[in-house]
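Me: I'd like to go through a structure with you and learn how to read its features. Can we take them one at a time?

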Amino acid sequence: MKTFRFYNVFLGWITFLIAAITYILTIEPTASFWDCGEFIASAFKLEVGHPPGAPFFMILGRFFTLFAGNAANAAKMMNVLSALASAFTILFLFWTITHLAKKIINKDNQELSTGKLIAILGSGLIGALSYAFSDTFWFSAVEAEVYATSSLFTAVVFWAILKWENEADQKYSNRWLILIAYLMGLSIGVHLLNLLAIPAIVFVYYFKKYEVTKKGIFAALIISGILLGSIMYVIIPGVVTIASWFDLLFVNGFKLPYNSGVMFFVLILIALIVWGIRYTQRKGKVVLNTILLGFTVIMIGYSSYAMIVIRSAAKTPMDQNSPDNAFDLLYYLNREQYGDRPLLYGQSFDAPMTENVLKGPVYIKKDGKYVIAEHKIDVKFDPRFTGLFPRMYSPDPSHVREYKKWVNIKGREISVNYNGKNEKKTTTTFGDNLTFFFKYQISHMYFRYFMWNFSGRQNDIQGHGNNLKGNWISGISFIDNARLGNQDLVPEHLKNNPARNKYYMLPLFLGLAGLIFHYKKSKQDFSVVMMLFVLTGIAIVVYLNQYPIQPRERDYAYAGSFYAFTIWIGLGVAWLYELLSKKMPSLAVSTIVVLVTLIFVPGIMAKENWDDHDRSGRYTARDLAYNYLNSCKENAILFTNGDNDTFPLWYAQEVEGIRTDIRVCNMSYLRASWYIDQMSRKAYESDPLPFSLTHEQIQRGNRDVLPMIDRLGKPLDVKQVMSFVAIDDPKAKVNSPFVPDELTNYIPAKQFKLSINADEIVQKGIISESDKSKIVAEMQWNIGHNYLYKDGLMLLDMIANNNWNRPIYWAMTVSNSKYYNLQKYFKLDGLTYQLVPVEAQKDRFYEGEVDSDVMFDNMMNKFKWGGIQNGIYLDENNIRMFSNLRSNFGRLADKLIEENKKDSALIVLDRCMELFPENIIPFNNTMLSVISSYYSAGAIEKANSLVEELTQKMYLELDYYFSLNPKIAGDISNEKQVNLYTLQEIYRITMMNKQDVLMKQIEEKFMIYMTQYNTNKS
């Protein structure tokens, strides 16, 4: 056994090294898109990130950034943290698999033969490396996200309970249980996914300590549910809730400072814990003592959240939700800003609202005490439109359209009364909800991801249900052809997607063999692994209750489930060994089985996945953030709205100190009073935003949503409007349409105006002297809504009070709805639109007027390109970002041609094609402006060459689309329409530029495709 222990430890660390080297070689050297930029910024300066926070991850991240050497390497060190955490996950997975394999192969616990030793260790090696090279886990391993560290906690606690199992009969075996409890407490400060391992841990304990009976299994299930629920719904929010009661008493009752009640509660809790531990020790109550110790170490781990409160009290530049007291911390932990969703019982998407019921009070800090700002609202729905297991609940029109695509809603008919008229309305049934659950939530949002990891992946384009994007494949022709159409007809450029990975189902088959083998050989261990597999997979699907059109793929949420399956991949090796060793010598069988499975399972996965998981040399997120910021003038205000136009910018400013004179303002946050307060404070070189409304006037529950009532039927001066909105006199209010028996402020206009002083505009550098004649005397715009949320209100306030002292910009990626119909006064400077008192020329495709001088300097001299010229891997998200830039090159060239600067236009266009050729940023309709500008600049041959290349691509894709059987293709009408539109526009461009030969060729093909399209449509 000493030999086994030595080789088990040695090979485990070899597996760790393989994983660590792989991940470190492929990490992104800077911030990635999505949440990574925010996590790096919050860790680097210990700031407060989005709810529910990850304080322990921040602490770990800060420790790693200490070794960065300079700020530019901080992101890389955070990525190294994820790489090492992932490599350690692989280490503990290896030891978990060898533990389980040894129990099966060496059931009699005799001296291991060399053959059995190789089989056991090979099982661990194959299973661990299969997970190491799996699509989802590798993705998380090379970026600064919480999921790699969360996976490590899951791996360690699962391994620790198996260590306890080995020592359960020894005196001090309960130390492993205390360690597990402590790790659970720490993991709360990373991500709650780790808590889902609790039921599996409970069953390991039960199987070891008790005789297995049906009643015992039921009791273990109940206890595991109670433990999981106690931590998630009692300890995590409950401790803070009780602390808030104490603080309310001490602050409002005893007139003591904020958080004094919290400190008193903490002291009482510590005293009670100490007394309880000593009492149970003296009385010899081992079980109760162990429970108390477990609770204690969970609380010690959970105490990492104290850092959130401490840093929030310091008013850091990033201070999301400002949780500097118990009430706001509870709001932060409960993720209340993200809203709620029904799970087991609730409304359908078409359920009429019947009333708003006031629930518990919401406390805020004011004048040294806590006051009630508002009450939480519980929306009640017509009970006839509610039911069990509501999966289709979102009333968003885009979601409703998708519900109807996924489910042929049979419905049930209900009579409703609208404005005194009886109408028949059809709503969803329980069966409809089950259909959506299995077709979308299980099949599309879980099983598809599962197959990505163990069968193969079609491409890296986000899929919403058709057979062109984001599906799983196998590499086995008859399977893929039956599901997705004839794969031989797939155009080469689509086949060459780096994420088109084929594993030929080998990991899947080996895992399924291991699953069956495990069940036959050790039903108890099998049930433990199965519980982990289900709870971190399908149970999460049920809990998340996801609506369609998710903003990104969600496979990372199920990494724990894929972890469990790779245990069975490892045990599949043990099955092959046992099967073949009956006919061949043990040593030969184990050697052959391990080598063959090593090559054909993790070997193929590593080969297939390397190119689309290698992010080395990719600086795109950081450089695009740099480009956004450097599209703005000094001391600017830059409005953003989503994750990818906000978090990289926060990273660039907070970590690398890039353009800290600019205030980045996320409009989706601007509805929150805590965010308005932050925007009202100076940050680095950026002055506070010019708001006139005071803290009291915009605090939570005040002016959240204002009715817009057009009193005069003509534009009102925006400054007068804001003066009226600021009045707190009841005479300046109307009855609230949302809260019964309550008055609310309102906006007395739907049209607005702002007087302009042209001399002042030029003097302040908003518009150049040469364009002074274009300045309007008065800006006018119509918001076009009946209600205005607080973000729109604060925008009006800013415009009214800025007096053009600071340039105001919108990121190009902000949705049109956040322009508030101001886009006719936009000027395009690169990646941003500047608000200027000059009306832009109308364009049927684009917003804003191009400022050729500024934009040329930005795009040709200032912008950075993220290393794309070095052949790095670009996923769909990166390609979409750079495609927008290609359009901008075309727009800039078009403007230069309009100004009779054709030489400059050609320089711009050639630079565009140098940066964004087809093999780096695939050609699509963003090429239209480039082609048109080449023609206008007189570069006919270049334009014709691009036309031929783009049209050939459109032909290939349309031929493929029309070859697909509509029954299996799903909804690909949008893809067809985009390509047909592109051909139509190329036809128009070639006709305008008198390229008759090309024009006729395109016209002929276009008519053929239109005939096919109309035939299929009918």
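Me: Let's start with isoleucine 18. Which helix does isoleucine 18 lie in?

Reply: Helices (H or I, at least four residues) and strands (E, at least two) are DSSP runs, numbered from the N terminus. Isoleucine 18 lies in helix H1. Bear in mind that this is a predicted model, where local features need pLDDT of at least 70 and side-chain atom pairs count only at pLDDT 80 or more, while totals for chains, interfaces and linings use all residues. Residues are numbered from 1 along each chain as its sequence is written, and side-chain values use heavy atoms, with hydrogens and water left out.

Me: Is isoleucine 18 buried, exposed or partly exposed?

Reply: Buried means under 20% relative accessible area, exposed over 50%, and partly exposed in between (1.4 Å probe, protein chains only). Isoleucine 18 has a relative accessible area of 31%, so it is partly exposed.

Me: Which residues make the nonpolar surface patch?

Reply: Patches take residues with over 30% relative accessible area and no salt bridge; like charges are joined within 9 Å, nonpolar side chains (Val, Leu, Ile, Met, Phe, Trp, Tyr) within 5 Å. Areas come from the Shrake-Rupley method with a 1.4 Å probe, and for residues only the protein chains shown count as cover. Here Phe6, Tyr7, Phe10, Ile14, Leu17, Ile18, Ile21, Leu25 and Trp610 make a patch of about 840 Å². Helix H1 (residues 2-26) has the largest share, eight residues.

Me: On to salt bridges. How many does a search of the whole structure find?

Reply: A salt bridge is a side-chain nitrogen of Lys or Arg within 4 Å of a carboxyl oxygen of Asp or Glu. The search finds 43 of them. Take aspartate 135 and arginine 457, whose closest N and O atoms are 3.2 Å apart. Aspartate 135 sits in helix H6 (residues 135-141) and arginine 457 in strand S7 (residues 456-457), so the pair ties together parts 322 residues apart in sequence. Both residues are buried.

Me: And glutamate 402 with lysine 405: how many residues apart are they in helix H15?

Reply: They are three residues apart in H15 (residues 397-406), so about one helical turn separates them.

Me: How many residues line the second largest pocket?

Reply: That pocket, of about 1,000 Å³, is lined by 29 residues, with Leu177, Val202, Ile223, Leu227 and Ile291 nearest its centre. H10 gives the most to the lining, eight residues.

Terms used:
On a 1 Å grid over the protein atoms alone, a cavity is a set of points where a 1.4 Å probe fits but cannot get out, and a pocket is an open set with protein on both sides within 12 Å along at least five of seven lines; lining residues have an atom within 4 Å of a point. Grid points are joined across faces, edges and corners, and a volume is the space filled by probe spheres set on the points.
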